[in-house]
Amino acid sequence: MLSDSSQNWQVANQQYLAAALARVQTVLQQHGVRSQGDAWEQPASAISEWETRAAQLSPPPALLNLCTVFDLTPFERDVLLLCAGIELSATLAQLCTNAQGTQKQAYPTFSLALAVFPTAHWSALTPVRPLRRWQLIEVTQGESLTQSRLRIDERVLHYVNGISYLDDCLSGLVQPLNTQVELPHSHTQLAEQIATLWSDAASNQPVIQLCGTEFDSKQAVAASACHLLNIQLHRLRAIDIPSSAAERNAFAQLWEREAIFSQSALLLDCHEFDQATQRIALAFLDALQGMVIVAAYEPLDMRQHPSLRLDVHKPTPVEQRTLWQTTLGALTPDFNGHLQTLTAHFNLSAPAIYAISEEFKLQQLTNSNQQIANSNQQSVISHQQSGLIENLTLKTQNSKLLWEICRTQSRTRLDNLAQRLQPAATWDSLVLPESQKQTLREIAAQIRQRTTVYETWEFAIASSNGLGISALFAGSSGTGKTMAAEVLAQELNLDLYRIDLSQVVSKYIGETEKNLRRVFDAAEAAGAILLFDEADALFGKRSEVKDSHDRYANIEVSYLLQRMETYRGLAILTTNLRSAIDPAFLRRIRFVVQFPFPDVAQRSEIWQRIFPAKLPTEGLDYCKLAQLNVAGGNIRNIALNAAFLAADNGESVQMKHLLRAAQSEYAKLEKTLTTAETGGWI
C-alpha cells in the first residue's frame, strides 16, 4: 500500500504528464488548421500553472527528471511525449493521421515531429543523441528514416507514468538486493567511506573494489553504503555478462539507463572467475558509467577507470559477540559465557548472525511453549525449586539449540565441496597407545581454548601467522585415522568433512589453489574439522624444479600450508606412509600422530568393542580372533560381514561366521589366511 506522500506524488505526476500531453495535442490540432507560412504560436497551456508546480514537486515528476538527467532538448522532449501520447490516448493517433494526411500513418514519425514542433533540429534523429542512444524510443525501419514509425520504449513509458520496476531485459541477470542488517563497526566505517566518496564525486564515480573471501560481508557493506545514499543496490554475476562486444555494450547501456530510472548502484560479483570472464568483466566496466562496486577475492587490474580497493574481513570475535548481543536482545543473559565459545568456533558474517538469531528466536519460542505445556502437567518438586531447575535447563537447551543452528546454517556451502561424515566413534571406541590418545586430547584442548590463549592472553597480538591448528595422522590403512577424527568431532561437537586431495589437485595451473580456496572459505564459517585424505598426493618429497609444472606444484603446496596455518578450525592430513612426506612440510604442522599397526592385545580389545550390545553372539573367543593379523578397519569389515551371514541363517554370530568373513576379507587383501591365525576356531 502506498503512503500518503507517495499517493500525493503519483497524483501530481499524472497531472504533470496529462498537462504535457495536452500541450502536444494542442500543437497537433493547430498544425491542422494554421495556413502554410504562418508562424507557430506556442499554446497558452505551455506556460500554465502546472509548469510552476512541477518545479516545486519533490521528487520532481518522472518526465521532468528524465528530461533533466538525459539532457533532452525541448524538441526531443516533444518527440518523446508524442510517442507516449499515442500509447495513452486514441485522440493523438487520429491527430497523427490527420496531420500526415493518410490513414496508413496513425503513428508518429520524425517527419511529423520536424513539421509540427518548434525548435526542431535534425540532430535529434542521430544515434548519438539521447532519444536513440539511451533507447528512449524505438525506430521501426521503413523506406526512409523520417517516415519510419516511432515507438516509446515500454520501460520508459511506465517510468513517466510513475511506475518503477526492473527492466525485463535485465531481470534474471540483475537481482535487487534489499539486505540491511546491523554491521560491525569496521564494516560500518567501510560503508560510510564508500558513501562519502560517491557523494563527493558528482560525476565519474570511482569503481569500489571490495576484496576478501566472504561475499555476505561484502554484500552487506555495499547495501549499507547504498542505504546511506538512499539508493537501491542490484547484483550482477560476472559470468552472466554477454561475451560479444556488441551485446556487452548494449547491456551496459541498458543498465546505465535502469540505474538512472531506479536510482541504483551495481554490485558486480566476480567470485566465479577465470581469465576469460575477467577480460569480459573489465571490458564491461570500461563501457560502464555510474556507481559500481566489484566484489572479488583479489582486485581487478583496472587501468581505464579510477578505482579504490577496500578489504572486507570477517568481523572480529569481539565484533561478532557484539552482533550476537544486539540480535539476541533480551535473550543475551541466557548465554552467559557461551557467546565467547560460539565465536571461537563459528566465524560468521553479520548477515549470517542475523539470520541465525531470527531462526533461533522462532525455534526457542516454539520450544518454550512446549515446555510450559509440559510443566503444567508435572508437580514432582516444590514450585520454587522446580522454577530454578526449569530455568537452568532452559538456558542449557537454548545454548545447545543456538549451537546446532549455527552448525546447520554454516555448513551449506561446504556440503557442495566435501563429504560430511556423521561421527559415531567415541573415546571408548578408539584403541590406541596412551601416548597417541594423549596427543589427541591435546588437540581437542587447543581447539577449545583458542579464545583464551589467542585473545584473552593476547598470543595473537604478536603475530597472526601460525595460529591455525593442523595435524598429520600417519599410519597404514585401517589403523584408526578417520575414527580419531570422528572422536575429535564428537568431543568438540563440530562437523567433520573429508576432502580427497587426489580429487582436489588439478593438472590445470591455478585450479588446485582455487579448489582449496573454496573449501577453506566455506569451512571458515562452520569452524569444521577438515580431513584431507592421501596428503602424500600433494606433500610428497620435492624433486628438483625442472620446469614450470614443478614450480606451480610447489606453489600449490605453499598455498595449502598457508591456509592451514591461518584456518581457525582444525585441519587434519592423513597419509599411509609418513616417510613419503617431505620433512620441510612436517615442521609446519603442529601435531603428528603415528597410528601403529595394532598388536595382539590391541586387536583383542578391538574385537571386544566391535560388536554392538544388541548383536546376538555365541561362543566367541576374542583371544583366537586377535590372532588375525589385520588392522582395525579390516576387523570391522569381518565383524560386519559375519553379522550378515548369521542374520541370513537366522543364527547368532559364531566363530564359523567370522571364519567365512575372514576368508573373504583376506581374499580382498590378496593375503593368505594361515592355520596359525585360525587354528581351533571351529
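In this predicted model, Leu-530 stands opposite Ala-571 in strand β13. The pairing belongs to a parallel arrangement in which three bridges join β12 to β13 (residues 570-575).

- Strand β12 spans residues 529-533 and is mostly covered, with five of its five residues buried.
- Ile-529, Leu-531 and Asp-533 lie on one side of β12, and Leu-530 and Phe-532 lie on the other; all are buried, and both faces of the strand are covered.
- In a regular strand, side chains alternate between the two faces of the sheet.
- Strand β11 (residues 496-500) runs parallel to β12 and is joined to it by five bridges.
- Within that pairing, Arg-498 has Leu-531 of β12 as its bridge partner.

**The six-strand open sheet**

- An open sheet is formed by six strands in the order β3-β5-β6-β7-β4-β8, with mixed pairing.
- At its edges are β3 (174-177) and β8 (307-311), each of which pairs on one side only.
- From one strand to the next, the twist averages 25°.
- Four bridges pair β6 (residues 264-269) with β7 (residues 292-296) in the parallel sense.
- Asp-269 has Ala-295 in β7 as its bridge partner.
- In general, the strands of a sheet pair through backbone hydrogen bonds, either parallel or antiparallel.

**Helices across the sheet**

- Helix α9 (residues 185-200) lies across β4 (207-211), β6, β7 and β8. The angle between α9 and β8 is about 170°.
- Helix α12 (residues 275-286) lies across β5 (232-237), β6 and β7. The angle between α12 and β6 is about 165°.

**Nonpolar cores**

- The largest nonpolar core has 48 residues. Those with the most contacts inside it are Trp-324, Leu-440, Ile-443, Phe-473, Leu-488 and Ile-572.
- Helix α21 (residues 481-492) supplies the largest share of this core, six residues.
- Another core, of 45 residues, lies apart from the largest one; Trp-9, Phe-75, Ala-93 and Phe-261 are among its members.
- With neighbours within four places in sequence left aside, Leu-440 is in contact with Trp-427, Leu-430, Leu-432, Phe-473, Ala-484, Leu-488 and Val-593.
- Two of these contacts of Leu-440, Phe-473 and Leu-488, are themselves listed among the residues with the most contacts inside the largest core.

Notes. Residues numbered from 1 in each chain as written. Predicted model: local features only at pLDDT ≥ 70, side-chain atom pairs only at ≥ 80, totals over all residues. Heavy atoms only, no water. Core = buried A, V, L, I, M, F, W, Y, C linked by side-chain atoms within 4.5 Å. Buried < 20%, exposed > 50% of the residue type's maximum accessible area, 1.4 Å probe, protein only. Helix = DSSP H or I, 4+ residues; strand = E, 2+ residues; numbered from the N terminus. Contact = heavy atoms within 4.5 Å. Pairing = 2+ DSSP bridges. Axes fitted to C-alpha atoms, helices over the stretch in contact; angles between N-to-C directions.
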